[in-house]
Amino acid sequence: DTIITCDNGIAALKAISFAKKEGLTCIITDHHEVPYEECEGKKIYTLPQADAIIDPKQEDCSYPYKGICGAYVAYKLIEGMFEQFHIADTEKQELMELAGIATVCDVMDLTDENRVLVKQTLLGLQNAKNPGMKALIQVNKLDVKTLTAYHISFIIGPCINATGRMDTAQI
């Protein structure tokens, strides 16, 4: 009964409209520019008719750093939900690391909070609890003590993303 997008839902006007007509709750998390048309030198923004839109690039968004990736925006939603439901911070560590990996793989500037996030991610990967992440680090013979953004960009990230580049993801 609910759709939560992560990355590029801001442009899904028709899909969100259809989902709303079908009675679904739609929450958009995104980091892309809001679609607009220019009319007499002014930008007219068009937002999907979602129940909630979380995108730091919205015109009226007060979030101080606009350069975060879509996965980090989704993480911020989760972070808020964890706070609302009093879930321990330790429970979100693995999710934060995934947001850090996505930040590097989405080629976001490693400045401001992105820099802090990626540094925390690299430290967290030294004691990764996720069995898949531990296996990726092991099979690629990476030394967790010397991991850098390079290793995420060119070794770990492509391993995660490779299924989407194959003939079919089912392989």
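Reply: Let's start with Lys92, which forms a salt bridge with Asp89, their closest N and O atoms being 3.2 Å apart. A salt bridge here is a side-chain nitrogen of Lys or Arg within 4 Å of a carboxyl oxygen of Asp or Glu. Side chains of opposite charge can pair when their charged atoms come close.

Before we go on, a word about the ground rules. This is a predicted model in which residues are numbered from 1 along each chain as its sequence is written, and side-chain values use heavy atoms, with hydrogens and water left out. Local features need a pLDDT of at least 70 and side-chain atom pairs count only at pLDDT 80 or more, while totals for chains, interfaces and linings use all residues.

Back to our pair: are its two members buried or exposed? Lys92 is buried, with a relative accessible area of 12%, whereas Asp89 is exposed at 55%. Buried means under 20% relative accessible area, exposed means over 50%, and partly exposed is what lies in between, using a 1.4 Å probe and protein chains only. The two residues also belong to a network of salt bridges that links Lys76, Glu79, Asp89, Lys92 and Glu113.

The structure holds 6 salt bridges. One of them joins Asp51 and Lys20, with 2.7 Å between the closest N and O atoms. This pair links distant parts of the chain, 31 residues apart: Asp51 is in the loop between β4 (42-45) and β5 (52-54), and Lys20 is in helix α1 (residues 13-21). Names such as these come from DSSP runs, numbered from the N terminus: helices are H or I, at least four residues, and strands are E, at least two. Both partners are partly exposed, Asp51 at 47% and Lys20 at 29%.

Another salt bridge brings together the side chains of Lys57 and Glu33, at 3.9 Å from N to O. Lys57 lies in the loop between β5 and α2 (70-84) and Glu33 in the loop between β2 (25-29) and β3 (36-39), so this pair ties together parts 24 residues apart in sequence. Lys57 is partly exposed at 27%, while Glu33, at 54%, counts as exposed.

β3 and β4 run antiparallel and are joined by 4 bridges; two strands pair if DSSP finds at least two bridges between them. Cys39 stands opposite Lys42 in β4. The hairpin of β3 and β4 has 2 residues between the strands, and Glu40 there takes a positive phi near 55°. Most residues other than glycine have a negative phi. Glu40 is also exposed, with a relative accessible area of 80%. Asn8 has a positive phi as well, near 85°; this residue is found in the loop between β1 (2-6) and α1 and is partly exposed at 42%.

Leaving aside neighbours within four places in sequence, Thr29 is in contact (heavy atoms within 4.5 Å) with residues including Ile4, Thr5, Ile54, Val73 and Leu77.

Finally, which residues have the most contacts inside the largest nonpolar core? They are Leu125, Met133, Ile137, Leu147, Ile152 and Ile156, in a core of 13 residues. A nonpolar core is a set of buried Ala, Val, Leu, Ile, Met, Phe, Trp, Tyr and Cys residues joined through side-chain atoms within 4.5 Å. Helices α3 (93-105), α4 (112-125), α5 (131-139) and α6 (149-161) each supply at least two residues of this core. Apart from it lies another core, of 10 residues, among them Met96, Ala99, Met108 and Leu117.

Helix α6 also holds Tyr150 and Phe154, 4 residues apart, about one turn of the helix. The structure has 3 aromatic pairs. The rings of Tyr150 and Phe154 have their centres 5.1 Å apart and their planes at 40°, so the pair is tilted. Rings of Phe, Tyr and Trp (its six-membered ring) pair if their centres lie within 6.5 Å, and planes under 30 degrees apart count as stacked, over 60 as edge-to-face and the rest as tilted. Phe154 is exposed, at 58%.
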